[in-house]
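Trainee: Please pick one residue and take me through it closely. Then set it against the rest of the model.

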Amino acid sequence: MLAKRLQPMVFQARRAYVELMFQVMGRALQAISEVDDSTRNEIRPLPPGFLFAMQVMPNGPKLIMEHTGDGRLHYHGENAPGPVDLSIQFKHMAHAFLVLSFQEKTSTAFAYDRMLVDGDISLAVRITRVLNRLETFILPKLLAERAVKEYPETLNLPDKLLNAARIYLKVVTNFVETVRA
Amino acid sequence: MTNKYYEFFCPVKVVAGKAALEHIPFELMSLAAKRPMIITDKGVRAAGLLDPVIAACEESGLEIIAIYDDVPPDSSTTVVGAIAKVYRKEKCDSIIAVGGGSAIDTGKAVNILVSEGGDDIAKYSGAGILKHPLKPFFVVPTTAGTGSEVTSVAVISDEKKGVKLPYASPFLLPNAAIIDPRMTLTLPPHITAATAMDALTHATESFTCIAKNPLSDAYASAAVKKISQSLLKVMDNPKDEGGRLELAQASTMAGIAFSNSMVGLVHSLGHATGATCHLPHGLCMSLFLPYVLEYNLEEIRAPLGELLLHLEGPEVYSATPANRRAEATISAIRKLRDQLYKRCELPRTLKETGKVLESQLESIATMALDDGSIMFNPKEVLFDDAMAVLQRAWA
């Protein structure tokens with residue numbers, strides 16, 4: 001009985017968490033494309049103006065990113081300035097929560113059919129690599145190991161901390177600018 | 001509590017065995033189809049493989065209304081549009097695709113156009129675009145490898161844009177797959193070998209990659225057993241109808257398995273090599289299978305070890321220590337490749353193909369990293385890893 005009463009609150013909390021994580025991820029993706037050469041190399045083959053979205057079906061939270069050129073990404077929040085070229089859609093809020101709370105790896109979520117890709121699959125693979133790289137930088141190793149298929153052996157602690165600090169600084173700055181605006 | 005989850009879907013009626021072709025008229029009639037069109041290629045027609053299909057229909061008073069026999073190896077949007085025109089002009093009401101992967105994919109794409117309307121197949125490209133069942137569609141495979149008769153995808157080239165358009169929808173699945181040993185009886189030895197290795201790869205990757213599930217495992221392991229028991233027998237005696245049927249069924253079973261649990265790095269490298277060097281898909285699978293299994297070994301030790309039972313039988317399995325079974329499985333696959341090389345010179349290394357340059361390996365590795373199947377590989381693959389596998393497969 002109590003569980004049933006609490007259910008709407010659980011749903012709300014889950015939605016709020018996913019929304020917050022999308023906001024952090026969007027800003028962090030923009031930040032990593034500014035500080036990391038490997039990420040820019042991954043993004044560069046996408047045409048400038050290329051829009052990709054991550055979203056929860058049917059009308060859940062969204063994360064819209066644009067390749068502005070030279071491997072740099074821009075976070076557009078939930079509103080796309082044009083038709084989206086590639087979208088990765090979680091079938092349900094519960095599935096998005098599993099991935100964004102690091103209970104399920106992105107690759108596992110694909111394997112379990114929790115997500116749909118609408119657009120060029122090869123570009124979705126590329127975006128997934130960028131997401132993995134972001135997670136290995138900004139998450140503590142224990143959490144990152146749960147989020148990615150394989151934690152890179154070559155990533156040393158000073159590099160990880162330095163990149164994480166630069167990304168987080170840019171994320172916070174972007175949040176502050178958004179609030180001020 | 002585990003997070004494990006899977007989906008499994010295969011609504012295709014499998015009509016398999018002796019005189020399976022003679023079931024086509026009944027199956028068509030049960031879907032109220034009376035005016036079938038056959039889609040095939042010149043090779044199939046020249047080999048006389050259409051004759052028993054047509055005879056089976058005529059004997060039941062069912063007329064084949066139209067035959068399109070000019071499907072190229074890489075089917076295109078233009079070809080699909082042309083076939084759809086013939087279908088409409090002749091007022092056909094169903095499709096029978098007879099052939100390998102290209103004829104089957106073309107049949108799927110034509111079915112989209114004639115069911116949904118319009119002339120532009122490109123606008124239906126993508127996943128989940130189709131929302132309604134299509135016209136009655138039957139597939140008669142003439143190779144035993146692709147498994148296309150039970151997959152819900154098709155790939156068609158857009159010649160004008162120079163891109164390959166993917167189509168994915170459960171509505172692309174045929175109503176029935178007709179597996180008749182007569183259709184593969186005349187396959188030349190090297191095609192028999194390469195297509196069987198294609199099916200073996202489908203089954204092995206399905207059994208070892210991250211989307212594996214209990215139902216696809218059952219199909220995959222049974223397919224491996226059928227291939228290991230029948231392939232060399234058929235190579236030695238190509239007219240062995242029983243063996244041919246076993247291989248054809250194995251191909252369909254492996255197709256059911258991999259379409260529900262996907263494939264991994266063998267396919268990523270194989271797709272890239274095929275696109276770069278124009279090698280047949282089945283050959284690419286055979287080239288990379290043992291090297292990729294070695295690369296993935298520590299992630300797939302348990303399931304790979306299980307496959308030893310189906311590859312080599314219970315005596316070898318029980319005589320092999322549990323911790324050596326995965327390696328023994330790879331050795332068994334290498335041994336099978338050696339036997340095929342002895343019988344039809346199916347290449348075992350990239351160098352042996354004579355069509356791959358060492359200088360192409362980097363571009364193959366780069367292309368493989370963007371292949372969709374790499375997502376399902378049990379081990380992460382970076383550029384250096386892909387290059388290392390390619391170097392091992394080189395010579």
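Mentor: Start with Ala20(B). Beyond the residues up to four places away in sequence, Ala20(B) touches Val15(B), Ile178(B), Ile179(B) and Asp180(B). Contact here means C-beta atoms, placed from the backbone, within 7 Å of each other.

Some ground rules. This is a predicted model, in which local features need pLDDT of at least 70 and side-chain atom pairs count only at pLDDT 80 or more, while totals for chains, interfaces and linings use all residues. Residues are numbered from 1 along each chain as its sequence is written, and chains are lettered from A and ligands numbered from 1 in the order in which they are written.

Ala20(B) sits in a loop, between strand E1 (13-16) and helix H1 (24-30) of chain B. Such elements are DSSP runs numbered from the N terminus: helices are H or I with at least four residues, strands are E with at least two. Ala20(B) counts as buried because 22 C-beta neighbours lie inside 10 Å. The cut-offs are 20 or more other C-beta atoms within 10 Å for buried, 12 or fewer for exposed, and partly exposed in between. Phe376(B) is 356 residues from Ala20(B) along the chain, and their C-alpha atoms are 35 Å apart.

For contrast, take Lys342(B) in helix H12 (residues 325-344) of chain B. Lys342(B) has 11 C-beta neighbours inside 10 Å, so it counts as exposed. From Lys342(B) to Ala127(B) is 215 residues in sequence and 43 Å in space, C-alpha to C-alpha.

Ile178(B), a contact of Ala20(B), is among the residues that touch the most other members of the largest nonpolar core, which holds 169 residues; others include Val98(B), Leu269(B) and Phe288(B). Helix H10 (residues 281-312) of chain B gives the largest share of this core, 15 residues. A nonpolar core is a set of buried Ala, Val, Leu, Ile, Met, Phe, Trp, Tyr and Cys residues joined through C-beta atoms within 7 Å. Leaving aside neighbours within four places in sequence, Leu269(B) is in contact with Phe288(B), Ile364(B), Ala368(B), Ala386(B), Val389(B) and Leu390(B).

Next, a sheet in chain B. Three strands make an open sheet, ordered E5-E8-E7, with mixed pairing. Strands E5 (126-127) and E7 (153-158) are the edges; each has a single partner strand, so one side of each lacks a neighbour in the sheet. Pairing requires at least two DSSP bridges between the strands. E5(B) and strand E8 (residues 163-168) of chain B run parallel over two bridges. Helix H5 (residues 101-116) of chain B lies across E7 and E8, at about 85 degrees to E7(B). That angle, on a scale from 0 to 180 degrees between N-to-C directions, uses axes fitted to C-alpha atoms, for helices over the stretch in contact.

Chain A for comparison. Chain A has seven helices and five strands. Its radius of gyration is 16 Å, close to the 16 Å the globule rule gives for 181 residues, so chain A is as compact as a globular protein of that length. The radius is taken over C-alpha atoms, and the rule is 2.2 Å times the number of residues to the power 0.38. Buried residues account for 39% of the chain A residues.

Look also at its hairpin. Strand E2 (residues 62-69) and E3(A) run antiparallel, joined by four bridges. Gly69(A) has Arg72(A) as its bridge partner. Two residues lie between the strands, and Asp70(A) takes a positive phi near 55 degrees. Strand E3 (residues 72-75) of chain A covers one face, Leu73(A) and Tyr75(A), and leaves Arg72(A) and His74(A) uncovered.

Terms used. Contact = placed C-beta atoms within 7 Å.
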